[in-house]
Amino acid sequence: MFEKLFHLEANHTTVKTELMAGLTTFMTMVYILAVNPSILSASGMDAGAILTATALSSAIACFCMALFSNKPFALSAGLGLNAYFAYTVCGAMGYPWQVALAAVFVEGIVFIILTLTNVREAIFNAIPAQLKIAVSVGIGLFITFIGLQNGHVIVDGSTLVTLFSFSSSLANGTFNTEGITVILTLVGTLITFTMLVRGRKGYMLYGILITWVLGILCQLTGIYVPDPANGFYSVIPTAFVSAPASLAPTFMQMDFSYIASHTLDFLVVVFAFGFVDIFDTLGTVIGCASRANMLDKDGKLEGMKGVLLADAVGTTVGACLGTSTVTTFVESSSGINEGGRTGLTSCTVGVLFLASLFLSPLFLTIPSFATAPALIVVGFLMVEQVAKIDWTDYSTAVPCLICFTMMAFSYSISDGIAYGIMSYTLLNLILGKGKNISGLMYVLTVLFVLKYFLI
């Protein structure tokens, strides 16, 4: 049955590999079930309903990914977009969360139309092949940075970011909380890299589980002391099963009445959601597909329309259920590195999101220091592709450098792509190579310039 549905043999994979890949992807992104309600509830939404909406919309989007494209990408409520929803639209701009949900719904409908008319796929294909490699490298740096932050190896400092100080933690009494978290992250990373070098199948998932078990042992022996007030929670599950919260407080609560009286402001909100979503998704798909060798010689991805349609449908359904924009997750690369190549991987993630409705106490106990090593290792594997960039052609190499450094330093996939496209177009135009650039690249460059300098 699985062979007929997912064409496993043609994609050089097996049921076991796909299931392992799906489980690995889910383990690295399950944190969204805790983070999304925490962020969106700041807008006044019910936290329990948000968790249920997040799990359901993620599952539906993952199933759509498998159905529409047979690709191993997983989806859920996008970070950054949920913060914009809660703190900017509902906070600074003062709109009720029902209006913000309406904006997300409109964005989803617009993206469905743009996908069916091939506009989003055309944008994907317009990005030069070398720049696509840079996007993959940038995502590698980006998720490595996220992993180091999640494990508290990298923290805030006078230089914006700095290394965690063990001496300071011993002096201020935080060694048994934050300090142990850092040590477990580093140990877990070493364990995961060791299994990778030795060719151990399932190394990513085993790395997560081993690091989690080490954390449990540290807590049981008093080496690790939870401090919930500062974000260091117990790593020992106290329950395994719970009933899902009701969707009633957020289900179909979109308010479209503001469109008539605040049309321009509403369109700005929709544009902001859409801009970040479209280029975050494109960047993630480029990075993950490159790592899985799914792109052809021209840098195109077979079934791209289906991938983008799943993303758009997920966003639309998510708004109806009561969550912010649903997008493709960079953590999909963890499952891809475990060998995931088909929609069975995304289906597995979808099933686990449904299971999380009843097993949330277990899944929400997985500590960030256990998943941080997986992100660091995946980042390393994606950065490997930097060798494919032609560093002898400065007209291409310089925009590639700008693209992947901006992606990591601005903490934004979409901004990295935007600066990569702008620099590529403008530099080649100055060098007299404008005829080699597609018309759509010029259009994108103009739109980005307007966004950053005028809007």
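Predicted model: local features only at pLDDT ≥ 70, side-chain atom pairs only at ≥ 80, totals over all residues.
Two residues are in contact here when heavy atoms of each lie within 4.5 Å.

Setting aside residues up to four places away in sequence, Thr 211 touches Leu 184, Gly 188, Phe 369, Ala 370 and Pro 373. Its relative accessibility is 1%, and Thr 211 therefore counts as buried, the limit for that class being under 20%.

Ala 74 sits between helix H4 (47-69) and strand E1 (75-77). Because its relative accessibility is 0%, Ala 74 is classed as buried. Beyond its neighbours within four places in sequence, the contacts of Ala 74 are Thr 25, Met 29, Cys 62, Thr 327, Thr 328, Phe 329, Ser 332 and Val 349. Gly 335 is 261 residues away from Ala 74 in sequence, yet the two C-alpha atoms are 9.2 Å apart in space.

The helices may be considered next. Helix H8 (residues 129-150) and helix H19 (residues 413-430) have axes that come within 10 Å and cross at roughly 150°. The crossing of H8 with H19 is right-handed. On the H8 side, the contact is made by Leu 131, Val 135, Ile 139 and Phe 142, and on the H19 side by Ile 413, Ile 417, Gly 420, Ile 421 and Tyr 424. By class, the residues of this contact comprise eight nonpolar, one polar and no charged. As a general point, an α-helix has 3.6 residues a turn, so residues three or four places apart point the same way.

After H13 comes Asn 293, whose phi is positive, near 55°.

The cysteines remain. How many disulfides does the structure hold? There are zero. For Cys 320, the closest cysteine sulfur is that of Cys 64, and the separation of 13 Å is too far for a bond, since a disulfide requires sulfur atoms within 2.5 Å. Cys 400 is likewise in no disulfide, with the sulfur of Cys 403, the nearest, 7.0 Å away. Is Cys 400 buried or exposed? At 0% relative accessibility, Cys 400 counts as buried. Cys 320 is also classed as buried, because its relative accessibility is 16%.

Notes. Residues numbered from 1 in each chain as written. Heavy atoms only, no water. Helix = DSSP H or I, 4+ residues; strand = E, 2+ residues; numbered from the N terminus. Buried < 20%, exposed > 50% of the residue type's maximum accessible area, 1.4 Å probe, protein only. Axes fitted to C-alpha atoms, helices over the stretch in contact; angles between N-to-C directions. Left-handed = near helix turned anticlockwise from the far one by under 90°. Nonpolar A, V, L, I, M, F, W, Y, C, P; charged D, E, K, R; others polar.
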